[in-house]
Amino acid sequence: MNVLLLVADDMNSWPLGDPDRYAGKVVVPNINRLAESGVNFTRAYTAAPVCSPSRTALLSGVAPWNSGHYHNLPGASSSKPLNDALSVAGMFKKAGYTTASYGKITHGWDQREQWDERLGHKRDPAPPGAPLTTVGRGEQDWGPIHLIESEMNDSQNADAAIARLQKQHIEPFFIAFGTFSPHMPWYVPQKYFDMFPLEEITIPKLIENDLDDVPALGRALTDGKSKFVDAVIDQGLHKDAVQAYLATIAYADAQIGRVLTALDESPHKDNTIVVFLTDHGFHLGEKHHWQKATLWEEATHSLLMIRVPGVTPFGKRCDRFVSLQDVYPTLAQLCGIEPPAYLDGRSLVPLLKAPDSEWPSTAITCLTSKGKPSDGFITIRSEEGRYIRYATDQEEFYDTSQDAHEWTNQIDNPTHAATIEELRGRVPRLTEMAVPLPQVGKIAE
Ligand SMILES: [Ca+2]
């Protein structure tokens, strides 16, 4: 079996079409095409709600609470568990596979020697006159790009992945393609904006004072972004922002679709596993927050779809809670390769064969506040709800069966005391979590 790994950056779970997440139109025909030909894990969660620790955990198999790599900060090179780890690409290379990566796959922990070919992503130049919005600053901006689509970096990385897929392959391959879109800034061709007329845009559901029942350390996660949310809403740009995010998702979907089509038109279609995932979620105003780096549903919920010729049923949903940590052991088992013993995830092969199987249904996500010593922010999502702990004693619990938006913190509600106590016991304590790595140098994007 060959493997094609497709990754989108900062794409939240809106494409799943769940009205509790987003009730408006999302245009992702290619992602839907993959979902319809394999298993769509509708409750997949990242190990960390920011790019570098999420990708590092996924590709190394070492969860952040064991590596100490919790944030988009340098330092991965000083982690003993990461230095001892073999990346998923390395596992395939050792097993005789050709390995190749195009676009944004790794972030700050690269093991470049494990890729036979590697073409990283480059940011497209900002359009002349940027920022294009009145709230725009740095990467937080959007508008039509001046480049033609084929000149954009994600398009060119897709071209390279397609060229690689179209080559003759003697050895089995592990090819990864990652889009930078829909990471901000949202600069894509006008035609993608035109797919979402402003008057038809739905904005996500948010409520006033949502943060009033969130403990101080949780509220602090939104500090840097809440002013931006205020500016977007006060200047009447919320629909414009949602339009730009949807436009950039549609562009990312188009590039992913080109690579998927190249595989499906190649002789490798029937012996290639396809995995599509997103590195974490994204807020667009919910919880008065923008972008990522929180422990709520918006930032932790990810997409994960897997197609295995001859194994997965067509177009099944799997509603069990799973983690992106599970991808590495799953690929090892599917390809008949002995995985390293240290992996923190568990193979999803039983769910790929029978998506309704009984399953120890939980997913853990962790974070520290940026640049601060260990404060052990961690959350667990299960059938019973979401439990969050900041440091040792600030907590939240949401009864997600009644409160999909996580609006009402029920941590002190005696009705849920037994569930909360159980979930508390299922996450590593602060003292059990690896100390955050010392930050040296600069992180490679
Ligand atoms: Ca609330």
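**Exercise 1. How are H6 and H10 oriented to each other?**

Work this one out from the predicted model.

- Step 1: Find the two helices. H6 covers residues 153–166, and H10 covers residues 238–264.
- Step 2: Check the geometry. Their axes lie 9 Å apart, and the packing angle is about 10°.
- Step 3: Apply the cut-off. Angles under 35 degrees count as roughly parallel, so H6 and H10 are roughly parallel to each other.
- Step 4: Look at who touches whom. On the H6 side you'll find Asp154, Ala158 and Ile162, among others, and they face a set in H10 that includes Tyr251, Arg258 and Leu263.
- Step 5: Sort the residues of this contact by type: 8 nonpolar, 2 polar and 3 charged.

**Exercise 2. Which word describes how H1 and H10 lie to each other?**

- Step 1: H1 runs over residues 29–36, and its axis comes within 7 Å of the H10 axis.
- Step 2: The two axes cross at roughly 45°. Roughly parallel would need an angle under 35 degrees, and roughly perpendicular takes 65 to 115, so H1 and H10 are oblique to each other.
- Step 3: Now the contact itself. Pro29, Ile31 and Leu34 are among the H1 residues, meeting H10 residues including Ala254, Gly257 and Leu260.
- Step 4: The tally here is 5 nonpolar, 3 polar and 3 charged.

**Exercise 3. Which protein atoms are donors of the calcium ion, and is Asp210 buried or exposed?**

- Step 1: List the donors: Asp210 (O), Asp210 (OD), Asp213 (OD) and Trp407 (O), at 2.1 to 2.4 Å from the ion.
- Step 2: Read their spacing in sequence: D-x2-D-x193-W.
- Step 3: Buried means under 20% relative accessible area, so Asp210, at 6%, counts as buried. Asp213, at 27%, is partly exposed.

Technical notes. Residues numbered from 1 in each chain as written. Predicted model: local features only at pLDDT ≥ 70, side-chain atom pairs only at ≥ 80, totals over all residues. Heavy atoms only, no water. Donors = N, O, S within 2.8 Å, 3.2 Å for Na, K, Ca; no water. Buried < 20%, exposed > 50% of the residue type's maximum accessible area, 1.4 Å probe, protein only. Axes fitted to C-alpha atoms, helices over the stretch in contact; angles between N-to-C directions. Helix = DSSP H or I, 4+ residues; strand = E, 2+ residues; numbered from the N terminus. Parallel < 35°, antiparallel > 145°, perpendicular 65-115°, else oblique. Contact = heavy atoms within 4.5 Å. Nonpolar A, V, L, I, M, F, W, Y, C, P; charged D, E, K, R; others polar.
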